[in-house]
Amino acid sequence: MTGTIHGVSRDRTARIPADFRLIASPSEYIPDGIYLDLSQSLGRRVHLKCEGLNLTGSVKIKAAAEMVDSAERSALLQPGGRIVESSSGSLGVALAMISADRGYDFICVTDNRCNERNLRLMRVYGADVVVIEEPDPVEGLLGARLRYVADLCAREPDVLWLNQYANDSNWLAHYKTTGPSIAKACPDAEMVFIGAGTTGTLTGCARYLKQVGHPAKIIAVDSVGSVTFGGPPGPRHIPGLGTGRRPEIVDESVIDEIIMVPEVDTIRMCRTMAGRGYLFGGSTGTVLAGMMHRISMERADMPVVAISPDLGERYLDSIYDDEWVKDRFDLGGGTAQITRRQVAVPVTDGQGGI
């Protein structure tokens, strides 16, 4: 293909980069090979796999696309169909975008921890967003969300609930993509740190890495107050990691260790990394806080991988806002708890540093 500019013939194809890619749908753009070398920032051999560099801003685009694709293949989802899902925010944004692109009606059932930016994004995409204010007495806000979803599906049977907590397509998305990427890019990693929300990323990656014989220990990172791994329920203010009920897809047989991180340490880590030029979301801050706690017990040159589920722009009004933090947290202390080991040391030094 050629053209003429001011009488000079130009070969337009010669100006197209070798990695040029044309996409016809926003869910097609899911870069899977971008890692940050954090050795200078953290003083450790850490490769951070960035999952927020897509058009939804989070790792949830993978699960959302796989679940919708699977529903279409099995004819559970027909053209013009209706989808409902419970989400604390990021999956809701991904499903709202995909639904807008493919012509589905989407209902997101979230709760009052969902940040305002995610709420606005979902509504801009045309989603119907239901915000639950009152928690279930036993299963908290998540239980209340799921009860609303069940009641809706009983009233309106044409609505399809994807059910990310029990849907095998959730973890299969990462078994097909995220796990193989880590195995190829970081074959010598000795530990892989993965946040636990619905546990789709965790279960899919861990199953793949164990199956292919990757040497790394799989370290699950969860928030204090989450019940996923049998801990006591407690208040949680930062959406993303943690659940008020155990997800059906969790597979502890492929997990080597579990670290529980207080949200105060999530906030410290996010703000510390922002001071070094990286604006990460709450889930990423939790993973990095747990990782730094764990690898402080190991030799400094040990290669590790951590997965960053999200970026930080949508948290500017929460974890990066001083008043929001002061209203909810005492930043005087904070200790990460590690299970399956008989050790526990502070993530922070008590002065806000790492």
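How many aromatic pairs does a search of the whole structure find? The search finds four. Some of these pairs are described below, after an outline of the chain.

## The chain as a whole

This is a predicted model. The chain has 354 residues, and 54% of them are buried. Its secondary structure consists of 11 helices and 13 strands.

The accessible surface of the chain is about 15400 Å², with 51% of that area belonging to carbon and sulfur atoms.

## Aromatic pairs

Among the four aromatic pairs is that of Trp171 and Tyr175, which is edge-to-face, with 6.0 Å from centre to centre and 90° between the planes. Both residues belong to helix α6, which covers residues 168-176, and being four residues apart there they are separated by about one helical turn. In general, an α-helix has 3.6 residues a turn, so residues three or four places apart point the same way. Trp171 counts as buried because its relative accessibility is 13%, under the 20% limit for buried residues. Tyr175 has a relative accessibility of 21% and therefore counts as partly exposed. Together with Tyr208, Trp171 and Tyr175 form one aromatic cluster.

Another pair is made by Trp324 and Phe329, whose ring centres are 6.0 Å apart; the planes meet at 50°, so this pair is tilted. Trp324 and Phe329 are both buried.

## Helix α4 and its two faces

Helix α4 covers residues 116-124, and its buried residues are Asn118, Leu119 and Met122. These three residues lie on the same side of α4 because they cover an arc of only 105° around the axis. The buried residues of α4 pack against helix α3 (90-102) and against the strands β6 (105-111) and β7 (128-132).

Which exposed residues does the face of α4 turned away from its buried side carry? That face carries Arg120 and Val124. Just after the helix, Gly126 takes a positive phi of about 100°.

## Glu51, a buried residue in a loop

Glu51 lies in the loop that runs between strand β4 (46-50) and helix α2 (60-73). Is Glu51 buried or exposed? With a relative accessible area of 3%, Glu51 is buried, since the limit for buried residues is under 20%.

Neighbours within four places in sequence aside, Glu51 is in contact with Asp32, Ser58, Val59, Lys62, Thr178, Ile307, Ser308 and Pro309.

## A nonpolar patch on the surface

Ile23, Tyr29 and Leu55 form a nonpolar patch on the surface. Together, these three residues have about 240 Å² of accessible area.

Ile23 is found in the loop between strands β2 (8-11) and β3 (35-37). The relative accessible area of Ile23 is 30%, so Ile23 counts as partly exposed.

Technical notes:
Residues are numbered from 1 along each chain as its sequence is written. This is a predicted model: local features need pLDDT of at least 70, side-chain atom pairs count only at pLDDT 80 or more; totals for chains, interfaces and linings use all residues. Side-chain values use heavy atoms; hydrogens and water are left out. Buried means under 20% relative accessible area, exposed over 50%, partly exposed in between (1.4 Å probe, protein chains only). The arc is that of the directions from the helix axis to the C-beta atoms. Contact means heavy atoms within 4.5 Å. Patches are made of residues with over 30% relative accessible area and no salt bridge: like charges are joined within 9 Å, nonpolar side chains (Val, Leu, Ile, Met, Phe, Trp, Tyr) within 5 Å. Accessible areas come from the Shrake-Rupley method with a 1.4 Å probe; for residues, only the protein chains shown count as cover. A salt bridge is a side-chain nitrogen of Lys or Arg within 4 Å of a carboxyl oxygen of Asp or Glu. Rings of Phe, Tyr and Trp (its six-membered ring) pair if their centres lie within 6.5 Å; planes under 30 degrees apart count as stacked, over 60 as edge-to-face and the rest as tilted.
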